[in-house]
Amino acid sequence: MGNNQQKKYDLVFAGAGLAGLSLAYKIRQHKALDQLSILLIDQDSKDRNDRTWCFWTKKDSIFDSIKMHSWSALYFASNDSQKVSKIGPYRYDLIRGKDFYEQVLTFLRQAENTDITTESIQELEENDSAVTIQTDQGSYLGHYLLKSYIDDLEVGDSHFVWQHFKGWWIKADQDTFDTDQATFMDFRVDQGNETRFFYVLPYSPTEALVEIAILGNELPAHHSYYDPYIKQYIKEQMGLEKYQVVEEEVGKIPMTTYDFDQARTHRVIPIGTAAGWVKPSSGYAFTRIQREVDRIVEALLRGDLSKYQFKTDRFHFYDKIFLNAFLTHKTTGQQVFHELLTKLPFQSVFKFLDEEGSFFHDLKIFLGPPKLPFIKAFIEELRK
């Protein structure tokens, strides 16, 4: 759509990832918001499977029709123990990026008052009445800019760690997998002074996504770094010799207690990863993003988008304690999740990570992991 004429929109989305597309999609579900003009700008055409979202939920959503698979039971393993459990009323869902993009973009391209363009944003300039967005193809004006990408991130004394990962979509030569059970976390891999674990997500008797996730400050120089770990895990822990690698995915997620609200101005509102919507202590984002998207839609329906603010409460302080405890080597991610997931029901942990429940439920969670490291982390964070 790129052109050299400056057109003004009510809402301009700088980045069309999960947050931006979810928000635009949900806005267009409401007739009362039909008058809002929307522009989505992204340098990527979103026509490939560049990522996968997995999340636990007990609610139906408008994205249920594109779920690739759901699991009713989860498996956890560490060097010390193993656990299999049904997780009802929760389920563990998987949505592929390509399926999400196809559904949302097909809908938005047919929607009135909605434009989508593949361009690279070069510069933003804000004044009292609008934000000017300069791209490599033209210039646009937005009454509000919803910004989902991060500029240079100087986290200062905030806690920060990358969760980086690589997954292989594999196909075995014979029936191998239980499609009702997913491996949620398996720590039986060399930890290398980091936190490393595997997911195994079978979606047919012969097919599964096998993925290693690593929490660390250093990102690998090349994607091949992960391959020996995945090969070894498939052979030794899964006992699988013959299989094909059908597809690969690689990515990274910032886990940080940085205050992203510092980047907010009157007309520029950060969303998604750029707003801190990724859960700092777990890296999970899909459910939190949908929750915040719904809050923005509610603000739009009230006509007071400028008053929307990402809520930080006691759970943000808990995230600080958690990251403090293992980033300063008071304990390890493996020790924490081993204690949590073997001593407590999965459902209780999910409830806590979803930031639901009472303060007494929170205490029950904190009595699960090694107590001394968390007490020390609590005192340090309280003094800041």
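Predicted model: local features only at pLDDT ≥ 70, side-chain atom pairs only at ≥ 80, totals over all residues.
Which residues in helix α3 (residues 227-236) are buried?

Residues are numbered from 1 along each chain as its sequence is written, and side-chain values use heavy atoms, with hydrogens and water left out.

**View A. The buried residues of helix α3.** In α3, Asp227, Tyr229, Ile230, Tyr233 and Ile234 are buried (under 20% relative accessible area with a 1.4 Å probe and protein chains only; exposed is over 50%, and partly exposed lies in between). They sit on the same side of α3 because they cover an arc of only 165° around the axis, taken from the directions from the helix axis to the C-beta atoms. Their cover includes β12 (160-172), β13 (181-186), β14 (195-204), β15 (207-216) and β16 (243-256). Helices (H or I, at least four residues) and strands (E, at least two) are DSSP runs, numbered from the N terminus.

**View B. Thr183 in strand β13.** Look for Thr183 in β13; it is buried, with a relative accessible area of 10%. Setting aside neighbours within four places in sequence, Thr183 is in contact with Tyr75, Phe198, Tyr199, Val200, Leu201 and Tyr233 (contact means heavy atoms within 4.5 Å). Glu355 lies 172 residues from Thr183 in sequence and 23 Å from it in space, C-alpha to C-alpha.

**View C. The largest nonpolar core.** This core has 45 residues, and Tyr92, Phe184 and Leu201 touch the most other members. (A nonpolar core joins buried Ala, Val, Leu, Ile, Met, Phe, Trp, Tyr and Cys residues through side-chain atoms within 4.5 Å.) Helix α5 supplies the largest share of this core, seven residues. Another core, of 42 residues, lies apart from it, with Ile27, Phe55, Ile95 and Ile289 among its members.

**View D. The largest cavity.** Four cavities of 30 Å³ or more turn up in a search of the whole structure, and the largest holds about 150 Å³ of space. (On a 1 Å grid over the protein atoms alone, a cavity is a set of points where a 1.4 Å probe fits but cannot get out, a pocket is an open set with protein on both sides within 12 Å along at least five of seven lines, and lining residues have an atom within 4 Å of a point. Points are joined across faces, edges and corners, and a volume is the space filled by probe spheres set on them.) The largest cavity is lined by 16 residues, with Ser281, Phe322, Leu340, Phe352 and Leu353 closest to its centre. Helix α5 gives the most to this lining, with four residues.

**View E. Helix α8 and its partners.** His361, Asp362 and Ile365 are the buried residues of α8. They cover an arc of only 105° around the axis, so they are on the same side of α8. The buried residues of α8 pack against α5, α6 and α7.

**View F. The second largest pocket.** About 650 Å³ of space lies in this pocket. Of its 27 lining residues, Lys59, Thr287, Gln290, Arg291 and Asp294 lie nearest its centre. Helix α4 gives the most to the lining, with eight residues.
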